[in-house]
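This report walks through a protein model for a reader who works with coordinates.

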Amino acid sequence: MINSQNIQDQLINGILLNDRAILSRAITYAESTLEEHQLIIGKVLENISTKTGNSIRIAISGIPGVGKSTFIEKIGLKYIARGKKVAVLAIDPSSSISKGSILGDKTRMEELAIQENAFIRPTSAGKTLGGVAKNTYETILLCEASGYDVIIIETVGVGQSEFIVKDVTDLFVLLQVPNTGDELQGIKRGIMECIDFVFINKVEENNKHLAKQLKVNLIKALQFLPIKSNNWKAKVFLGSALNDIGIEEFLNEIDDFFTYLTNNKLLDEIRQKQTEKHTKDYFLENLLSKLSNSPFYIELEKEITAKVKENKPIPYSTINELINKIIGK
C-alpha cells in the first residue's frame, strides 16, 4: 500500500525545486493508467496550479528527415544562451504490435541534453492521434511549475489529425525541406490551417533556388486559407539549423509573435481554450474508462457480442437501447 500523501508532498516539493529526477517521476505518474497514480498526480497538479502558465508553448512538426531534432536542439541552445530554461517533450511513434517506441530524441540532441537548464522527455504517442502523447498537457503544466520558460513539443510527423497538437500549444511551426517533388501535396489542409510559421530547413547553395520556389508556393497556399481568429498571418522562413542560418532571426520573430498575442490580450484567451478543451477531454476519457470497466457495461457488451456471433445484422436498435439504459432513459 503506497502512502499517497507522502508521494504527493515529495513530487510537489521536488517539482517546485526544479529537481529533474522528481519531475521525470511526476511525468511517469501522469502517464500511468493506474487509478491510484492518476489520483496522486491530480492532487499534485491542483497544488502547483498557481506556478503554471508562465512559459511559451511551441509545437514543432514535420515529416521524418526534415531535421526536427537538429532544429529543436539549435533553438533550445539559443534560448538557454538567452537565460531561459527549456523543456523538450519529444513524442515518438509507437508500434501498433509491440506498443513500444524508439524514444531516440534524447540521443539525437546530445549537446542540449547535457545543459543544466534543459530537460528532454521522450514520450510514446501510444494510441493517441495527432502526434501528441495522451498526457502532454499535464506534462506541460509540470514542466512550467518546475520553472521552464520554453516548452517545445516535437510531434510525430505530419498527418490529417496532427493539428490536435494545436490544442495544447500557443505557436505551431511546420518544418519543410526543399526537394524536387511536389512538397505541398503531402501537407493536409488541417495542418495548413494551424500553421503560424513555416521554416524551410536544410537550405544550401545547391538547393537555394528550390527553397525559394517552395517559399513562394507556401506563401501563395497560405493566402487561400481562412483568416485565423487571432488575425495572425503565417510567415515563411529559409535557413539551416545545422549551419545556424536564419535561426536567430526566426527566434526574434517568435518573440514578436508572443508580443502580438500579449498586446492584443489573445494569449490568455488561447490558454483558457486549452484548459477548457483538456478538461472536457479528460472528463469524457475517464468517464468512458470507468464505464467500460463496470460490470454493468461488461454485461451489455456480452449481449451485443452474442448477437453478432449469431451472424445477425449489426444490432443498431439493440445498441441504442443499451445506450439508453446506460444514460437512464
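## Terms and basis

A residue counts as buried when its relative accessible area is under 20%, as exposed when that area is over 50%, and as partly exposed in between, with a 1.4 Å probe and protein chains only. Helices are DSSP runs of H or I with at least four residues, strands are runs of E with at least two, and both are numbered from the N terminus.

The model is predicted, so local features need a pLDDT of at least 70 and side-chain atom pairs count only at pLDDT 80 or more, while totals for chains, interfaces and linings use all residues. Residues are numbered from 1 along each chain as its sequence is written, and side-chain values use heavy atoms, with hydrogens and water left out.

## Overall composition

The secondary structure comprises 13 helices and seven strands, and of the 329 residues in the protein, 44% are buried. Contact here means heavy atoms within 4.5 Å. Among the contacts with a separation of 6 or more, 76% are made by residues 24 or more positions apart.

## The enclosed helix α7

How many of the residues of α7 are buried? The count is 10 of the 10, so α7 is largely enclosed by the rest of the structure.

T136 belongs to helix α7, which covers residues 136-145, and T136 counts as buried because its relative accessibility is 3%. Once its neighbours within four places in sequence are set aside, T136 is in contact with L89, I91, I153 and V168. After α7 comes G147, which has a positive phi near 100°.

Two packed helices are described by the angle between their axes and the distance between the axes. The axes are lines fitted to C-alpha atoms, for helices over the stretch in contact, and the angles run from 0 to 180 degrees between N-to-C directions. Helix α2 (residues 20-31) packs with helix α3 (residues 35-48) at about 125°, and their axes are 8 Å apart. That makes α2 oblique to α3, given that angles under 35 degrees count as roughly parallel, over 145 as roughly antiparallel, 65 to 115 as roughly perpendicular and the rest as oblique. The crossing of α2 and α3 is left-handed, where left-handed means that the near helix is turned anticlockwise from the far one by less than a right angle, and right-handed that it is turned clockwise. A26, Y29 and A30 of α2 meet H37, Q38, I40 and I41 of α3 in this contact, which by class has five nonpolar, two polar and no charged residues.

For α1 and α3, the angle is about 40° and the axes are 9 Å apart; the two helices are therefore oblique to each other. The crossing of α1 with α3 is right-handed. On the α1 side the contact is made by S4, I7, Q8, L11, I12, I15 and L16, and on the α3 side by I40, K43, V44, N47 and I48. By class, the contact of α1 with α3 has eight nonpolar, three polar and one charged residues.

A pair of aromatic rings is described by the distance of the centres and the angle of the planes. Rings of Phe, Tyr and Trp (its six-membered ring) pair if their centres lie within 6.5 Å, with planes under 30 degrees apart counted as stacked, over 60 as edge-to-face and the rest as tilted. The whole structure holds 12 such pairs. In one of them, the ring centres of F197 and F237 are 5.6 Å apart and the planes are at 45°, so the pair is tilted. This pair links distant parts of the chain, with F197 in strand β6 (residues 197-200) and F237 in strand β7 (residues 235-238), 40 residues apart. Both F197 and F237 are buried.

F197 also forms an edge-to-face pair with F257, at 5.9 Å centre to centre and 65° between the planes. Here F197 in strand β6 is linked with F257 in helix α10 (residues 247-263), 60 residues apart, and both residues are buried. One aromatic cluster is formed by F71, F197, F199, W232, F237, F250, F257, F258 and Y260.

N18, a residue other than glycine, has a positive phi near 55°. N18 is found in the loop between α1 (4-16) and α2, and counts as partly exposed because its relative accessibility is 24%.

N231, again a residue other than glycine, has a positive phi near 65°. N231 lies in the loop between α9 (208-223) and β7, and is exposed, with a relative accessible area of 52%.

Key
Nonpolar A, V, L, I, M, F, W, Y, C, P; charged D, E, K, R; others polar.
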